[in-house]
Amino acid sequence: QVKIPVIYKGAVVREPMRLDLLIGGKVIIEVKSVEMINAVHKAQLLTYLRLTNLKLGVVLNFGQARLIDGIARVANNL
């Protein structure tokens, strides 16, 4: 897990966020193990992207029978 400070208008507003994985400082990977990826999982990742000013994230769900079925790409203003 990677700790990312939450800063608004130059002030720290809460405890740091804990991202599952941050790849190359550019892509957030959110790891789940649920039956199905829901809209709330994508919304959570989109919030992380907006707070970090990053553009791309991926939800990886290990709860699917096949991993390929548990991948969802989330983009922030692309």
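Me: How many bridges join strand β4 to β5, and in which sense do they run?
Reply: This is a predicted model in which local features need pLDDT of at least 70, side-chain atom pairs count only at pLDDT 80 or more, and totals for chains, interfaces and linings use all residues. Residues are numbered from 1 along each chain as its sequence is written, and side-chain values use heavy atoms, with hydrogens and water left out. Strands (E, at least two residues) and helices (H or I, at least four) are DSSP runs numbered from the N terminus, and two strands pair if DSSP finds at least two bridges between them. Strand β4 covers residues 27-32, and its link to β5 consists of 6 bridges, with the two strands running parallel.

Me: Through which helix does the chain cross from β4 to β5, and what is the handedness of this crossover?
Reply: A crossover is called right-handed if, with the strands pointing away from the viewer, the path from the first strand over the helix to the second runs clockwise. Between β4 and β5 the chain passes through helix α1, residues 39-52, and this β-α-β crossover is right-handed.

Me: Which residue of β5 is the bridge partner of Lys-32?
Reply: Strand β5 takes in residues 56-61. In that strand, Lys-32 has as its bridge partner Asn-61.

Me: How many of the residues of β5 are buried?
Reply: Buried means under 20% relative accessible area, exposed over 50%, and partly exposed in between, with a 1.4 Å probe and protein chains only. Strand β5 is mostly covered, and of its 6 residues the number buried is 5.

Me: Which residue in the hairpin of β1 and β2 takes a positive phi?
Reply: Strands β1 (residues 2-8) and β2 (residues 11-19) are paired in the antiparallel sense by 6 bridges. Ile-7 has Val-12 as its bridge partner in β2. The hairpin has 2 residues between the strands, and the positive phi, near 50°, belongs to Lys-9.

Me: What pattern does the protein chain follow along the sequence?
Reply: The chain contains 1 helix and 6 strands. Its C-alpha trace spans about 45 × 25 × 25 Å along the principal axes. Read along the sequence, the pattern is β-β-β-β-α-β-β.
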